[in-house]
Amino acid sequence: MVTSTPIQSQTLAETWAQPLDQTPVLECRNLCISYFVRAGEVPAVVDFNLRLMPGEAHGLVGESGCGKSTVALAIMNYMGKNGAITGGEILFQGRDMRTMTAEELRQIRGSKIAMVYQEPMASLNPSMKIADQLAEVPLYHEEVSQADAFERSREMLAKVRLPDPGRIMDSYPHQISGGQQQRVVIAMALLSNPALLLLDEPTTALDVTVEAGIVELIKDISNEIGTSMIYISHNLGLILETCDHLTVMYSGEAVEVGRINDVFNRMRHPYTQGLFSSIPVPGTDKNARPLVAIPGQLPLPHQRPTGCNFGPRCGHFVSGRCDTSAVPMVSVSGDAGHKVRCVRASEIDWTARTVNVTQREPVEVGDVVLRVEELSKHYEVQRTGLLLVGETKTVKANDDLTFRAREAETVAIVGESGCGKSTFAKVLMGLEDATAGEVFLGDLELGQLGVRERDSKTVAQLQMIFQNPFDTLNPSHTVGSQIARVIRKFGVETDPVKIHQRVLELLDTVKLPREFAERRPRQLSGGQKQRVGIARAFAGDPKVVIADEPVSALDVSVQAAVTELLMDIQRDNRTTLLFISHDLSVVRYLADRVIVMYLGQIMEKGTTEEIFSPPYHPYTEALLSAVPIADMSVTKRKIVLSGELPSPTNPPAGCPFSTRCPYVIPGTCESTPPPERVMSAGHAIACHLQDEHLRAMQPVIEIDDTPDPPPEPELLPAAE
Amino acid sequence: MLNLILRRLGIMLLIMLVVSMLLFFMNEGDPKLVARSVLGPFAQDQQLEAWIQQNGYDRPIMVRYVDWLVRLSQGDLGDSIIYKVPVNEIFWDRLANTGILAGVTFLVMVALALVLGVLAGIKEGSIQDRVISFVSIITTSIPEYASAVILGGIFVFWLGWLPGTSSMTAGFNPVELILPVMVLTLYGFGYIARMTRASMAEVMTSQYIRTAVLKGIPYNRVVMRHALRNALIAPFTVIMLQFNWLLSGVVVTEYAFGYKGFGALLLEAALRRDIYVIEACGIVAVFVAVTTQTIGDIVYTYLNPRIRFS
Amino acid sequence: MVDITPTRTTTPEPIARPPSTMRRWLESIALLRESWVGSIGAVIVLGFALMAVLAPLIAPYDPNLPMVPFAFPLSAAPDGGVFWLGTDHLGRDMLSRIVWGGQRVLIYATVATMAAYIVGVLMGLMAGYFRGWTDEIITFIANVILSFPVMVLYVLIIAKFGASGANIVLAVVFASSPGIMRIVRSLTLDIATREYVIAAQTRGESSWYIMLWEILPNARGPLIVDFCLRMGYTTITIGALGFLGLGLPPPDPDWGGMITETRSFVLAGFPHMAIIPAVAVSLLVLGFNMLADGLREVALRD
């Protein structure tokens, strides 16, 4: 099955990759990169190979700490003062970059190799106008006049589809939105028509509908200009949309390389497989096809095991074979250029689902626990005018929200930044008073009842899980004392011994070792901290738990484990879960009912089934289309929204979505708030479009249910 | 922008008002003490009473305060008790002298500190960084009164290069300014230098500097055009605050070198309870400090486009 | 001092006893080994502290006893001993005066700085956590005080209330607590947005519990550094007041006062009398500054 020696595979790959006399744009051979810290040398990337042909888009995918960004910075030869290339070579258009002088490097950077960064705001100089920052590129790489440089910058801004390039040229970075900033950075990178474009998580900091626009732009660039690209991302779905080849990295090593088709359909590394099993794709379901998390956690760079780095977490691990010596890359027979770093790649039965997944019975939901009636939360923002007091503006963070949640039910609240989902959580928790409307927990009205006025039983019944694992626990106190405080505060137990006992039980519940009670948060990984956060929320036996993006900051493989844990506990306690998220994939996977919000208003609500299939609200439709899906059997209808999210301080007068809606009815949508159209019991859409128009919508996502295609022999070198 | 300036000026005015109240109540709150200060320790109670009535100190305190404020705004600072002349006659000369000392020091100190700070911060952890940082830690540890004695020992006693006092008895002599300026600069520059260094080092590791380098711009341009301006925004506030510190140091330094400035006048007045001089010195010192801070805040906003346009 | 945790004493907590403040301090000090600047600073400060504690044992003579005037360092004393640092114009042993003066400075600096910290931390927590009017008022008061050049403020206060140990402490508290307030306020504003603080709010904890138990312990890093710097600065201030004749009344030794009494003899050929206390002040301040620098460096690494 698998070619036995790496040498043989090399020749095979070469015949495939070099059909004519083309030199690769970039080639990394056995690249090793280390950081030198006080503790000694920390290898960041080991034995990394990459060959990028002109016009090719290559994805680098992996979780945080896998070394993917390090590779990008090494290609740029920008390693900081403590990073260094310790072995191998990087050939750019056939020349070894390590032998170049500083001046030669300078001439290549920005002109032949350009980079786009993760955080556009931080990557632009805050005190320089965008025009000046762009014009520098032609000015310092070509003999052009100032006027020409500005003119070209303006043209490039138009090419990256920025409206009103003249205004943008004259702005400072903070005056434009994040999506616009990223377009500026892309324009800057393209100004000198580079041979190689490095994109380091270019959309991670952006909202999903804005991300879709940027991804569309990047795809068009690679089609039109033919620039070779290296696209770095943690998101397999994005790689699928943008690249034709990919490298999967784990713990400083490439573990699988190949064409997108081959890797997605015939993955041959246990890590790749684990990664795919932990992503919620449309086929997964919390009851019938639950996610499978990868056990364990990423080893620290100086604690990597001998042999296969993935060994300790691998289900196919065989002692004596996987942990003896460094594992070489081997070719997967049948797939050109498809290689994996696994000694057992040819032995494992890849078609079998490796882990026995326990299917669960769907849970019967109970009575209504939480009722939200026409809830509004408005803020008065004072715009400081002359002499301290000026006009006040009203920000409608939440406007007229109505919904209910039942016992043991999961209700997801979905929306992008500024949609008011966090404000809603604050009102519910009693940190803010509602401006109008009511919230009932059982029979108790909470809208005007601050958390201090609630009795401890009510407080205990309504608890919250937070987003940021690095922030959710107090770094100064032990894990145990923080859980104990909750137990004591809610009066669950008063006797110190019993409190201690309860802390240990809660640690058991969230599957953490009992000795973690004595640990401090900084000794825990992100996923472990989120587990403690869950334990803390469930300490008082709550009826309703609000989870505010509880897994969005975690790595994919850890996300699955935490998500599954949260749902298990919810199931056992019959808790109502309000799951706040921007990630429709997760929502589709775990929610029973969904509420879609946009700028403080509910656009659509219904069961998960109803939300994810037509009729859609136009915003829901765009949102569904924007979410990248890491599944080749899924086809999506493209709807790319133009424009940016309006500022919540200055929303449109009528329908909040009217500024970006593809179906906008001029004269109506901008000025009149949309009516609520009830499509079926419980499924409501706030839109001016007529019922029949809504019902005529086509599905955005379609799943091709045929099983994974078998290896296709016709896809051999000759075909390329 | 205009809003901000007006707002800052409003706050400044409010602070000055409160400070004037504090000064007035502290010094003239008790009429008997005022009379005692003016008439001396041997005056009889009757004399004190008579003085109080003659000078209107039997009026309610708020009336006296408003009256004082009005006179102050007309430029009437009262009479010095020690010198028996209007405070105006001595005060402004002294203030001008201090202005010269502080001005020269400020220029020398800021120039030195910025150059050293930028040099240190440009390459964090380099030898030049370590040397500059270490030197500035040492110099900020030597207070003015210590360095006055130590430098006096070196330059006056051992080397005999410089005069030991700066009383300017034979007219203005720039040589007499050297030691006081050295003393003030030595203690003061390290703080600004360290702030500049920290700011520069932070900017040099920022992502937009990475962007600039990876755009292929020459290093000089990266430093001059991209780094410096951003790096100097933060130390700017520190530099403007330095006026406040400088006025503190001036009190000690003027005393140490017998320099006839405003600080020495304040000290003398305080020790001998010359209340009108104390009030004049206090109000002017605060005025100078608050004004520089306000200017500093406004210019800072101007320098920082992120605030300017929000 | 930094870690005010009243709940710890009132509620027994058998499960997970957080390490004591003492142990945390020891941990930080152990980390100092990694910074040579910090280590030197620690040695200097500890050296002076030891000198202050052991003053009765170290000082060879009564610091106020006139013996042989104008003796240079290392000259022989009439009783067969040695004037290691010489004597001053009144014939008092310089070493004894430095040692006793050091004790005085350290005691006053510590008491004054700690008192200023208590005021500054409480004000800063309230301003930063309650915000709104509380913040406006506290910040305005602080701005008024900070608008005075510090030394002018000291001169005004001491001139009005007289020179005494208690007044010096009060003046330092008055003049430096606004600065501490500002630091604590900005730290509090930042920490108050953390999710663990919101978690505490959502379970209905009292404001003071949140300020003292959830916020303050996490502000300790920058505050410890600032505390060291402020100790140095207070040392300078106490010396300056002595130098200006506003310090502790003579004859008891006081470094600033020693300089001012004897500095006229520098030009007369006896520089040691003024230079030795000047060096002593600078060295102690240097110790505090280096310690702060080292602690900051160590804190940044984590």
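Start with the open sheet in chain A. Select its eight strands, in the order S18-S19-S20-S15-S21-S22-S25-S24; the pairing is mixed. Strands are DSSP runs of E with at least two residues, helices are runs of H or I with at least four, and both are numbered from the N terminus. Two strands pair if DSSP finds at least two bridges between them. This is a predicted model, in which local features need pLDDT of at least 70 and side-chain atom pairs count only at pLDDT 80 or more, while totals for chains, interfaces and linings use all residues. Residues are numbered from 1 along each chain as its sequence is written, and chains are lettered from A and ligands numbered from 1 in the order in which they are written.

Now move to S15 (410-414) and S21 (593-598) of chain A. These strands run parallel and are joined by four bridges. Pick A:Ala412: its bridge partner in S21(A) is A:Val594.

Zoom out to the whole of chain A. It holds 22 helices and 26 strands. Its radius of gyration, taken over C-alpha atoms, is 27 Å, close to the 27 Å that the globule rule (2.2 Å times the number of residues to the power 0.38) gives for 720 residues, so chain A is as compact as a globular protein of that length. The C-alpha trace spans about 75 × 65 × 55 Å along its principal axes. Buried residues make up 49% of the 720; buried means that 20 or more other C-beta atoms, placed from the backbone, lie within 10 Å of the residue's own.

Select the side of chain A that touches chain C. Here 30 residues of chain A are in contact (C-beta atoms within 7 Å, placed from the backbone) with 17 residues of chain C. Helices H14 (456-461), H15 (479-489) and H16 (496-509) of chain A each give two or more residues. H15(A) gives the largest share, five residues.

Finish in the largest nonpolar core. Such a core is a set of buried Ala, Val, Leu, Ile, Met, Phe, Trp, Tyr and Cys residues joined through C-beta atoms within 7 Å. This one has 375 residues, and B:Leu266 and C:Val155 have the most contacts inside it. Helix H5 (94-130) of chain C gives the largest share, 18 residues. Centre on C:Val155. Leaving aside neighbours within four places in sequence, C:Val155 is in contact with B:Val251, B:Leu266, B:Leu267, B:Ala270 and C:Leu246.

Key
Buried ≥ 20, exposed ≤ 12 C-beta atoms within 10 Å, placed from the backbone. Contact = placed C-beta atoms within 7 Å.
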